[in-house]
Amino acid sequence: MTVDPLSTVFGALADPTRRAILARLIEGDLTVGELSKPFSMTQPAISRHLKVLEGAGLITRSRRATARLSHLEGEPLREATEWLVRYRDFWDESYERLDALLETLQDTQTRGDRT
């Protein structure tokens, strides 16, 4: 069964450790050892998270001398953001309708209080 890329990205982002790894990579490329420092897990556990992120296209890995560096790839995040923006627009419109309804109700109540 083939999973679409967007589902793979959201699946990778579902884990808080992987989101934290991506947040750390915003600052630049890091080794597994550097990435594992703030976490209470082993380097092999971090490596498993990195494999998921790499499989989703969210990071690439390269070698510099003996170090294996992880690099943040932004394109899959852009695609996920574009998909989510449609729903942000939906919620913004919903809030605007709610604001208009509340304003109407307040106006009605204010007119009722005057009589």
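Reader: Let's start with one side chain. Is Glu82 buried, partly exposed or exposed?
Author: Glu82 is partly exposed, at 46% relative accessibility. The cut-offs: buried is under 20% relative accessible area, exposed is over 50%, and partly exposed is in between, with a 1.4 Å probe and protein chains only.

Reader: Before we go on, what are the ground rules?
Author: This is a predicted model, where local features need pLDDT of at least 70, side-chain atom pairs count only at pLDDT 80 or more, and totals for chains, interfaces and linings use all residues. Residues are numbered from 1 along each chain as its sequence is written, and side-chain values use heavy atoms, with hydrogens and water left out.

Reader: Fine. Back to Glu82. Which residue does Glu82 form a salt bridge with?
Author: Arg78, with the closest N and O atoms 2.3 Å apart. A salt bridge here is a side-chain nitrogen of Lys or Arg within 4 Å of a carboxyl oxygen of Asp or Glu.

Reader: How are Arg78 and Glu82 placed in helix H5?
Author: They are four residues apart in H5, so about one helical turn separates them. Helices are DSSP runs (H or I, at least four residues), strands are too (E, at least two), and both are numbered from the N terminus.

Reader: Which residues end up in one network of salt bridges?
Author: Glu75, Arg78 and Glu82, joined by salt bridges that share partners. Glu75 and Arg78 meet at 2.2 Å, N to O. Those two sit three residues apart in H5 (residues 75-114), again about one turn.

Reader: How exposed are Glu75 and Arg78?
Author: Glu75 is partly exposed, at 38% relative accessible area. Arg78 is partly exposed as well, at 39%.

Reader: And how many salt bridges does the count come to?
Author: Two, by that rule.

Reader: New topic, the sheet. What is the strand order?
Author: S1-S3-S2, in an open sheet of three strands with antiparallel pairing. Two strands pair if DSSP finds at least two bridges between them. The edge strands are S1 (30-31) and S2 (59-64), each pairing on one side only.

Reader: How many bridges join S1 to S3?
Author: Two, and S1 runs antiparallel to S3 (residues 67-72). Leu30 has Ser70 as its bridge partner in S3.

Reader: What about Thr31? Buried or exposed?
Author: Buried, with a relative accessible area of 19%. Thr31 is in strand S1. Not counting residues up to four places away in sequence, Thr31 touches Ala67, Arg68 and Leu69. Contact means heavy atoms within 4.5 Å.

Reader: Which residue has a positive phi although it is not a glycine?
Author: Ala65, at about 55°. Most residues other than glycine have a negative phi. Ala65 lies in the loop between S2 and S3 and is exposed, at 75% relative accessibility.

Reader: Now the helices. Which strands does H2 lie across?
Author: Helix H2 (residues 16-25) lies across S1, S2 and S3, at about 95° to S3. Helix H4 (residues 43-55) lies across S2 and S3, at about 120° to S2. Axes are lines fitted to C-alpha atoms, for helices over the stretch in contact, and angles run from 0 to 180 degrees between N-to-C directions.

Reader: At what angle do the axes of H2 and H4 cross?
Author: Roughly 80°, and the axes come within 10 Å. That makes H2 roughly perpendicular to H4, a label used for 65 to 115 degrees (under 35 is roughly parallel, over 145 roughly antiparallel, the rest oblique).

Reader: Which residues make that contact?
Author: From H2, Thr17, Arg18, Ile21 and Leu22; from H4, Ile46, His49, Leu50, Val52 and Leu53.

Reader: Thr17, then. Buried or exposed?
Author: Buried, at 14% relative accessible area. Leaving aside neighbours within four places in sequence, Thr17 is in contact with Phe39, Met41, Ile46 and His49.

Reader: Last one. Where is Leu35 found?
Author: In helix H3 (residues 32-36). Leu35 counts as buried, at 0% relative accessibility. Beyond neighbours within four places in sequence, its contacts include Ile21, Leu30, Ile46, Leu50 and Ser70.
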